[in-house]
Amino acid sequence: MNTEFAPGFQARIPVGLLGATGSVGQRFVQLLHRHPWFELVCLVASDSRAGETYGSQVTWAQNDPMPKAIANLTLAKAMDLDPPQTPLVFSALPASAASPIETLLSEHGIFIVSNAASHRTDADVPLLIPEVNAAHLDHLNGKCLITGPNCCVAGLMLALAPLHKTFGLKRIFIATMQALSGAGLPGAAGPLAEANVLPQINGEVDKVETEPFKILSTWQDGKFIAPDFQISALCNRVPVVDGHTMSLSLELQTPATCEQLIETWNTFQAEPQSLGLPSAPAQPVQYHPEFTAPNPREYTPRNGGMTTHIGQLAPCPILGHKFTLSTHNTLRGAAAGNLLIAELLVAKGLLPN
Ligand SMILES: NC(=O)c1ccc[n+]([C@@H]2O[C@H](COP(=O)([O-])OP(=O)(O)OC[C@H]3O[C@@H](n4cnc5c(N)ncnc54)[C@H](OP(=O)(O)O)[C@@H]3O)[C@@H](O)[C@H]2O)c1
């Protein structure tokens, strides 16, 4: 695929960004600044910052310097966005603010790709991982709102979906170890999170236990039907900078060997790979036999933070198999994962040109 511009477009597509000053918003700024298809033209934070330059308002927490051209952009209000200027808008808003703003903008015909949880469970809003359920975009029914999953679920499903397709899932137990950046900007997880484990993250267990069913659902007789398996999760905040780790035990419908699981993961390919979308990793999920794999500091930044890394696969005396995976929470689990959704939307011809 020609990656100079998106297929069918003569220039980069102008896009907006809600929540631009936050942890996920800053990741979007980094990625959009060098994106071949999209040009970031409008930035939005809280209304009180409107009229100020982005550079003067953001507490930049990324390792790379802030792109100069973006620093000079003036912050707008969400209600200033309009479809001809920004037909596509990414949302990195907190759920509380996202619900009314995303509804209003999408009703005005702006395509919204959102990180927030507010609309993930709406029956008519796709909850999308391009490698897993791209076909759900066929059921948008003229709506303009698409959500990405929870930051654990995004990486988790790249490990589970290939197993579900090949062997069928039956029962899964998951314990998460989630990075501090998942709570927002540095310090947002609070002082108790320093050199400690916080054994609860507000609302997280519910998301990990419910979102996989919507993502793996199939379209039958005019509605989505969820698959029949069980998930039980416990979620922990740990003092890791970036990258969520999960240890799982799982039971499959059809018994399989460890070698078959590894083969299934390592050969998994999907539409984003065949279409050559700019943010698609060559390998969405990869098994690593090394003793220290998949520790999040070394593994999750690889492949643009878009691959789920798996290690420690072994027989589980209770459920059959156990393993550990890691996934980049602000890249695959947020900004880069949402860019891949938008690229798929464009490649499927759903964004007017
Ligand atoms: N962090 C992760 O790993 C991760 C992963 C997946 C999904 N998410 C989701 O992504 C979203 C953003 O998370 P985050 O960690 O980036 O949060 P964050 O660091 O707290 O940033 C929130 C952003 O939203 C803006 N904002 C807050 N209230 C607003 C309002 N009423 N109107 C307009 N803008 C408002 C803030 O602007 P000001 O600076 O002006 O306050 C800031 O730019 C959340 O829904 C979160 O659940 C996060």
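Mentor: Begin with the domains, whose bounds come from an automatic or database domain assignment. Here that assignment divides the protein chain into domain 1 (13-150 + 335-347) and domain 2 (151-327). Their centres, taken over C-alpha atoms, are 24 Å apart. Residues are numbered from 1 along each chain as its sequence is written. The model is predicted, so local features need pLDDT of at least 70 and side-chain atom pairs count only at pLDDT 80 or more, while totals for chains, interfaces and linings use all residues.

Trainee: How many residues does each domain give to the contact?

Mentor: Two residues are in contact if their C-beta atoms, placed from the backbone, lie within 7 Å. Domain 1 gives 28 residues and domain 2 gives 29. Helices are DSSP runs (H or I, at least four residues), numbered from the N terminus. On the side of domain 1 that touches domain 2, α5 (130-133) and α11 (335-347) are the elements that give two or more residues, and α11 gives the most, with seven.

Trainee: Which residues touch the most other members of the largest nonpolar core?

Mentor: A nonpolar core is a set of buried Ala, Val, Leu, Ile, Met, Phe, Trp, Tyr and Cys residues joined through C-beta atoms within 7 Å. Buried means that 20 or more other C-beta atoms lie within 10 Å of the residue's own, with C-beta atoms placed from the backbone. In soluble globular proteins, nonpolar side chains tend to be buried together. The largest core has 92 residues, and L17, F28, V44, V89 and M157 touch the most other members. Helix α6 (residues 151-166) gives the most to this core, with eleven residues. Both domain 1 and domain 2 give residues to the core, so it lies between them.

Trainee: Where is the kink in α6 centred?

Mentor: The bend at a residue is the angle between axes fitted to the seven residues ending there and the seven starting there. In α6 a kink of about 40° is centred on M157. Leaving aside neighbours within four places in sequence, M157 is in contact with I129, V132, P212 and I215. Of the 16 residues of α6, 13 are buried.

Trainee: Which residues are closest to the ligand?

Mentor: A residue is near a molecule if its C-beta atom, placed from the backbone, lies within 6 Å of it. The ligand is surrounded by 28 residues, the closest being G19, G22, V24, S46 and A97. α1 gives the most to this shell, with three residues. Domain 1 and domain 2 each supply at least three residues of the shell.

Terms used:
Buried ≥ 20, exposed ≤ 12 C-beta atoms within 10 Å, placed from the backbone.
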